[in-house]
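Dear colleague,

I am passing on to you the structure we spoke about, together with a summary of what was found in it. Please read the notes below with the structure open beside you.

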Amino acid sequence: MDTFRILVVDDETDFLETIVNRLQKRKIDATGVPTGEAALELMKGKLFDVVLLDVKMPGGMDGIEGLREIKKMQPLTEVILLTGHASVETSIEGLKLGAFDYLIKPVKFDELLEKLAAAFEKRNTQEQKIRSAKIQELVRFPGRIFDQEKGEE
Ligand SMILES: [Mg+2]
């Protein structure tokens with residue numbers, strides 16, 4: 001199995017550290033950042049399979065805005081929203097915008113692991129579909145791929 005790369009974005013640093021530590025103990029490549037801006041900055045240089053994203057963060061970027069930007073930068077990355085009971089409506093909006101799922105705080109760790117695994121599986125399935133579509137294209141139209149590559153120069 002490939003390495004499972006998870007980014008956790010939450011302004012509550014205790015929560016953030018706890019989740020990241022518990023994931024790392026399970027040999028998952030987990031990174032934590034306290035803001036949406038920091039998440040996007042990190043995503044410029046590293047691909048993540050799943051982002052756990054708090055919807056309520058003080059300051060600049062909220063979860064929904066973060067979700068939009070993450071999907072723009074890494075469309076195959078699955079996003080799971082972290083919400084409080086009061087912000088379930090935001091989660092519904094997030095689901096419409098392409099979030100994989102949401103979790104209500106306080107988060108049960110087992111439930112979190114289940115959702116992360118499901119999101120990882122979806123991401124891998126999508127990646128495989130893209131890979132096989134590219135291979136089909138190459139088999140059927142070898143010239144087309146070649147032309148595209150030339151066009152990108
Ligand atoms: Mg928060």
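Since angles between elements come up below, please note that axes here are lines fitted to C-alpha atoms, for helices over the stretch in contact, and that angles run from 0 to 180 degrees between N-to-C directions. With that in mind, helix α4 (residues 88–96) lies across β4 and β5 and runs at about 170° to β4. Please also bear in mind throughout that this is a predicted model.

As for the overall layout, the protein has six helices and five strands, and from the N terminus on its elements run β-α-β-α-β-α-β-α-β-α-α. The C-alpha trace spans about 55 × 30 × 25 Å along its principal axes. Of the 153 residues, 29% count as buried, and among the contacts with a separation of 6 or more, 58% are accounted for by residues 24 or more positions apart.

The strands form an open sheet of five, in the order β2-β1-β3-β4-β5, with parallel pairing. Its edge strands are β2 and β5, each of which pairs on one side only, and the twist averages 20° from one strand to the next.

On one hand, β1 pairs with β2 (residues 29–33) in the parallel sense over five bridges, and here Ile6 has Ala30 of β2 as its bridge partner.

Leaving aside neighbours within four places in sequence, Ile6 is in contact with Leu23, Ile28, Asp29, Ala30, Phe48, Asp49, Val50, Leu52 and Leu116.

Two details of the backbone may be worth checking as you go through the model. Most residues other than glycine have a negative phi, and most peptide bonds are trans. Lys27, however, has a phi near 65°, a positive value in a residue other than glycine, and this residue lies in the loop between α1 and β2. Is Lys27 buried or exposed? A residue is taken as exposed if 12 or fewer other C-beta atoms lie within 10 Å of its own, and Lys27 counts as exposed because it has 9 C-beta neighbours inside 10 Å. The other detail is the peptide bond from Lys105 to Pro106, which is cis, with omega near 0°; Pro106 is found in the loop between β5 (101–104) and α5.

Methods. Residues numbered from 1 in each chain as written. Predicted model: local features only at pLDDT ≥ 70, side-chain atom pairs only at ≥ 80, totals over all residues. Pairing = 2+ DSSP bridges. Helix = DSSP H or I, 4+ residues; strand = E, 2+ residues; numbered from the N terminus. Buried ≥ 20, exposed ≤ 12 C-beta atoms within 10 Å, placed from the backbone. Contact = placed C-beta atoms within 7 Å.
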